[in-house]
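Please look over the sequence and the model below, then read the points grouped by topic.

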Amino acid sequence: MIPWFWAAAIIFGVGGLWISFFVAPTDAQQGEGYRIIFVHVPASWMSMFIYLVMAFWAGLGLALNTRVSGMMAQALAPTGALMAALSLWTGALWGKPMWGAWWVWDARLTSELILFFLYLGFMALQAAIDDPRRADKAGAILALVGVVNIPIIYFSVKWWNTLHQGSTINLNKAPSMAQTMLWGMLLMALAFWMYSIAVALMRVRAIILERERHTEWVKHAVE
Amino acid sequence: MQWNSVGEFFAMGGYALYVWGSFGACALLMIAEPFLARRRLSDVRKSLARERLADELELQQKNS
């Protein structure tokens with residue numbers, strides 16, 4: 001299944017990049033600098049979405065005591081951290097020419113930074129506890145407490161007066177951007193999505209083999 | 001298409017540092033991560049294969 005997700009990620013990625021650079025027109029206000037949004041927005045979306053999925057698996061593991069749930073959460077964390085880091089990095093590179101500052105302590109930016117630290121905290125906590133089952137439980141509690149941060153990030157541009165612009169894509173009204181830009185962004189988001197699934201599945205395979213290495217089926221699985 | 005030359009494309013209307021810095025960082029990390037994940041998977045597979053071989057050798061010694 002993993003190769004299919006890689007193939008989808010590459011196809012959507014190539015299409016998205018083509019639109020990002022060759023189809024989407026120059027922005028009237030931001031010139032070519034706006035093209036950063038084609039990676040910034042998908043990375044930011046994924047950083048939040050992966051966290052929700054990770055917290056879901058962590059919560060499921062805590063509630064039903066299933067083994068694989070904890071492994072799924074553990075496999076997703078590094079990819080989520082990567083997306084949060086990319087979101088912050090590309091945001092800084094956009095902020096410098098557009099706002100005149102790499103970083104401001106704005107509600108959106110600060111809550112995204114907290115999200116990044118939540119991922120790192122989750123990974124550090126899991127790594128610090130030797131017994132994987134206890135590590136899963138401790139990580140799950142951290143992940144579930146951290147969920148409150150997601151709506152804060154999402155609604156921060158509405159709740160506070162922030163420098164970060166409001167969302168241009170809403171469910172209940174037509175997006176306030178050119179069609180081609182929208183398509184580019186959606187394709188890139190799909191590519192990031194497929195990428196995340198593929199890399200997380202790869203990692204979870206490794207984690208399953210590592211953790212279940214003393215069971216009979218793993219011994220027989222590796223010929 | 002809005003680019004008249006390759007140079008213009010790479011200049012990104014004066015935003016080259018920011019645009020390429022963003023796309024470059026994404027490309028770098030999103031190429032590195034799958035390689036790391038693949039290495040982790042192949043490491044654990046190799047170590048399992050070694051363990052299995054060790055078990056078999058031990059069994060052979062016992063039998064002989």
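In chain A, 77% of the contacts with a separation of 6 or more are between residues 24 or more positions apart. The model described here is predicted. Chain A has eight helices and zero strands, and its pattern along the sequence reads α-α-α-α-α-α-α-α.

**Chain A as a whole**

- The C-alpha atoms of chain A fill a box of roughly 65 × 35 × 30 Å along the principal axes.
- Chain A has 223 residues, of which 40% count as buried.

**The largest nonpolar core**

- The largest nonpolar core holds 66 residues, and A:Met54 and A:Ala73 have the most contacts inside it.
- At least two residues of this core come from each of H1 (2-23), H2 (37-64), H3, H4, H5 (132-146) and H7 (179-211) of chain A, and from H2 (16-63) of chain B.
- H7(A) gives the most to this core, with 17 residues.
- Leaving out residues up to four places away in sequence, A:Ala73 touches A:Met54, A:Trp57, A:Ala58, A:Gly61, A:Gly139, A:Ala140 and A:Ala143.

**H1 and H7 of chain A**

- The axes of H1(A) and H7(A) lie 7 Å apart, and the two helices pack at an angle of about 155°.
- Because angles over 145 degrees count as roughly antiparallel, H1(A) and H7(A) are roughly antiparallel to each other.
- The crossing in which H1(A) passes H7(A) is left-handed.
- The contact of H1(A) with H7(A) comprises 19 nonpolar residues, six polar residues and no charged residues.

**A:Met188 in H7**

- A:Met188 is found in helix H7 of chain A.
- A:Met188 counts as buried because it has 26 C-beta neighbours inside 10 Å, and the cut-off for a buried residue is 20 or more.
- Apart from neighbours within four places in sequence, A:Met188 is in contact with A:Gly16, A:Ser20, A:Phe38, A:Val39 and A:Pro42.
- From C-alpha to C-alpha, A:Met188 and A:Gly95 are 21 Å apart in space, and they are 93 residues apart in sequence.

**H3 and H4 of chain A**

- Helix H3 (residues 67-99) and helix H4 (residues 107-128) of chain A pack at an angle of about 150°, and their axes are 9 Å apart.
- That angle makes H3(A) roughly antiparallel to H4(A).
- H3(A) passes H4(A) in a left-handed crossing.
- On the side of H3(A), the contact includes A:Gln74, A:Ala77, A:Pro78 and A:Gly80, while residues of H4(A) in the contact include A:Leu109, A:Glu112, A:Leu113 and A:Phe116.
- By class, the contact of H3(A) with H4(A) has 14 nonpolar, five polar and one charged residues.

**Where chain A meets chain B**

- The contact between the chains takes 32 residues from chain A and 25 residues from chain B.
- On the side of chain B that touches chain A, 16 residues are nonpolar, four are polar and five are charged.
- The axes of H3(A) and H2(B) come within 9 Å and cross at roughly 170°.
- H3(A) and H2(B) are therefore roughly antiparallel to each other.
- Among the residues of H3(A) in this contact are A:Leu82, A:Trp89, A:Leu93 and A:Lys96, and among those of H2(B) are B:Tyr18, B:Gly21, B:Ala25 and B:Glu33.
- The contact of H3(A) with H2(B) divides into 10 nonpolar, four polar and two charged residues.

**Residues with a positive phi**

- Most residues other than glycine have a negative phi.
- A:Asn65, which is not a glycine, has a positive phi of about 60°.
- A:Asn65 is found in the loop between H2 and H3 of chain A.
- A:Asn65 counts as exposed because it has 12 C-beta neighbours inside 10 Å, and a residue with 12 or fewer is exposed.
- B:Met12 is a residue other than glycine with a positive phi, near 50°.
- B:Met12 has its place in the loop between helix H1 (6-11) and H2 of chain B.
- B:Met12 counts as buried because 21 C-beta neighbours lie inside 10 Å.

Key. Residues are numbered from 1 along each chain as its sequence is written. Chains are lettered from A and ligands numbered from 1 in the order in which they are written. This is a predicted model: local features need pLDDT of at least 70, side-chain atom pairs count only at pLDDT 80 or more; totals for chains, interfaces and linings use all residues. Two residues are in contact if their C-beta atoms, placed from the backbone, lie within 7 Å. Ala, Val, Leu, Ile, Met, Phe, Trp, Tyr, Cys and Pro count as nonpolar, Asp, Glu, Lys and Arg as charged, and the others, Gly among them, as polar. Axes are lines fitted to C-alpha atoms, for helices over the stretch in contact, and angles run from 0 to 180 degrees between N-to-C directions. Helices (H or I, at least four residues) and strands (E, at least two) are DSSP runs, numbered from the N terminus. Angles under 35 degrees count as roughly parallel, over 145 as roughly antiparallel, 65 to 115 as roughly perpendicular and the rest as oblique. A crossing is left-handed if the near helix is turned anticlockwise from the far one by less than a right angle, and right-handed if clockwise. A nonpolar core is a set of buried Ala, Val, Leu, Ile, Met, Phe, Trp, Tyr and Cys residues joined through C-beta atoms within 7 Å.
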